[in-house]
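Q: Could you walk me through some of the side-chain packing and helix features here? I have the sequence and the coordinates open.
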Amino acid sequence: RFHHTSTSHWCSCSKTVSNEKYQDPFQLGRKDLKNLYADIKKELLVSAAELKEMCDYYFDGKGKAFRPMIVVLMARACNIHHNNSREVQASQRSVAIIAEMIHTASLVHDDVIDDANSRRGKMTVNQIWGERKAVLAGDFILSAASVALARIGNTTIISVLTQVIEDLVRGEFLQLGSKENENERFAHYLEKTFKKTASLIANSCKAVSILGCPDPKVHEIAYQYGKNIGIAFQLIDDVLDFTSCADHLGKPAAADLKLGLATGPVLFACRQFPEMNAMIMRRFSKPGDVERARKYVLQSDGVQQTTYLAQRYCHEATREISKLRPSPEREALIQLTEMVLTRDK
């Protein structure tokens, strides 16, 4: 049982002992992400006008580029750690581009599976162009990412990043199933969270560390950092589904319950309100289930428990990245763990 601690006094671990001045991660990573979306659009060169329009739709430059940001900061942190090189290699930047492409393709496919009608504050691809074309657009973005990956010309990097695509599919299958046993259920949820969200960040971080540094210990640090911050990111996402309003999120609130999904806040709440078990097993399909489950979650400590669990993952991410030599990029990656915990959308 994770004991509740108030969110006001977590993680002073970000104030690590280092002479490096605090810098905003997004400012620091910006120089390497200049023209990121223009470069992605070059990868998606396609003659069919409609397909091009669909592919460009999410690459409008309005996303936070959270994943590419982590990837370029990790690339720099590893390069500095290895030989004090301050440059991001072209192949490392390519990994950041590929990560964003894989992520976006997975969003397009997720929205089809979930029959979602809004994403990032605008209509989804499947709502505008229909499900069949949306599936094909997602496939096309994935194929373009695969071509860009092959161009890096490193078989280790290819196998690390293709693992992400396998995990995304397996994670989606895990999400379609549910477990009867309470303990198994939480393990199932965390495994799904790793495969659907954290694997991309973990393996992209590992890929740039391999390109920048020959030391397997550094590859493991990069992977563990990405894995832990990735799981924390999703846990907070699951919290926001209960605590943030739809306008703020850019997608409907309580969306997970409507999809029949029991996320962290629900699983923790179930320990206080066992009557939720039956609702979880029938995936909140009876009239009134969604509203009742939401009420139980907000009456329980499910939101605080999930937030506390996210803090533990962020603490672990910080512990891992602190093993690298001090640099502004390392500090920015530590700062990102705080930003993950305090974000409100």
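Predicted model: local features only at pLDDT ≥ 70, side-chain atom pairs only at ≥ 80, totals over all residues.

Q: What is the phi of Ala65?
A: Phi of Ala65 is near 55 degrees, a positive value in a residue that is not glycine. Most residues other than glycine have a negative phi.

Q: And is Ala65 buried or exposed?
A: Ala65 has a relative accessible area of 11%, so it counts as buried.

Q: Which other residue has a positive phi although it is not a glycine?
A: Arg283 is one of them, with a phi of about 55 degrees. Arg283 is found in the loop between helix H14 (276–281) and helix H15 (289–299). Its relative accessibility is 24%, so Arg283 counts as partly exposed.

Q: Let us change topic to aromatics. How many aromatic pairs does a search of the whole structure find?
A: The search finds seven aromatic pairs. One of them joins Tyr57 and Trp129: the ring centres are 5.5 Å apart and the planes stand at 85 degrees, so this pair is edge-to-face.

Q: Why does 85 degrees make the pair edge-to-face?
A: Planes over 60 degrees apart count as edge-to-face, and the angle for Tyr57 and Trp129 is 85 degrees, so the pair falls in that class.

Q: Where in the chain do Tyr57 and Trp129 lie?
A: Tyr57 is in helix H3 (residues 49–58) and Trp129 is in helix H6 (residues 125–129). The two are 72 residues apart, and the pair links distant parts of the chain.

Q: Are those two buried or exposed?
A: Tyr57 is buried at 17% relative accessibility, and Trp129 is buried at 15%. Tyr57 and Trp129 also form one aromatic cluster together with Tyr58.

Q: What do the buried residues of H3 pack against?
A: The buried residues of H3 are Met54, Cys55, Asp56, Tyr57 and Tyr58. They pack against helix H2 (36–43), helix H5 (90–114), strand S1 (118–119), strand S2 (122–123), H6 and helix H7 (131–152).

Q: Which charged residue sits over the ring of Phe233?
A: The charged end of Arg343 does, 3.9 Å from the ring centre. Arg67 also lies over the face of Phe233, at 5.3 Å from the ring centre.

Q: Now for H9. What is its span?
A: Helix H9 (residues 182–212) has 31 residues and, at 1.5 Å a residue, should span 45 Å. Its end C-alpha atoms are 43 Å apart, which agrees.

Q: Where is the kink in H9?
A: The kink is centred on Ala198 and amounts to about 60 degrees.

Q: How many residues of H9 are buried?
A: Of its 31 residues, 24 are buried, and H9 is mostly covered.

Q: What caps the N-terminal end of H9?
A: Asn181 caps that end, with a side-chain oxygen 2.8 Å from the backbone nitrogen of Asn183. The side chain of Asn181 also reaches the backbone nitrogen of Glu184 at 3.1 Å. Asn181 itself lies in the loop between helix H8 (155–176) and H9, and it counts as partly exposed at 36% relative accessibility. The C-alpha atoms of Asn181 and Asn277 are separated by 9.7 Å, although these residues are 96 residues apart along the chain.

Q: What about Ser209: buried or exposed?
A: Ser209 lies in helix H9 and counts as buried, at 0% relative accessibility. Its side chain reaches the backbone oxygen of Lys206 at 2.7 Å. Leaving aside neighbours within four places in sequence, Ser209 is in contact with Cys78, Val218, His219 and Ala222.

Q: Which residues does Leu161 touch?
A: Not counting residues up to four places away in sequence, Leu161 touches Val95, Ile98, Ile102, Leu149, Asn203, Ser204 and Ala207. Leu161 is in helix H8 and is buried, with a relative accessible area of 1%. Its C-alpha atom is separated by 6.2 Å from that of Asn203, 42 residues apart along the chain.

Q: Lastly, is Arg132 buried or exposed?
A: Arg132, in helix H7, is exposed, with a relative accessible area of 75%. The C-alpha atoms of Arg132 and Val112 are separated by 8.7 Å, and the two are 20 residues apart along the chain.

Methods: Residues numbered from 1 in each chain as written. Heavy atoms only, no water. Phe/Tyr/Trp six-rings, centres within 6.5 Å; stacked < 30°, edge-to-face > 60°. Helix = DSSP H or I, 4+ residues; strand = E, 2+ residues; numbered from the N terminus. Buried < 20%, exposed > 50% of the residue type's maximum accessible area, 1.4 Å probe, protein only. Lys NZ or Arg CZ within 6 Å of the ring centre and 35° of its normal. Contact = heavy atoms within 4.5 Å. Expected span 1.5 Å × (residues − 1). Bend = angle between axes of the 7 residues up to and from the residue. Polar contact = N/O pair within 3.5 Å; in protein donor to acceptor, adjacent residues only side chain to side chain.
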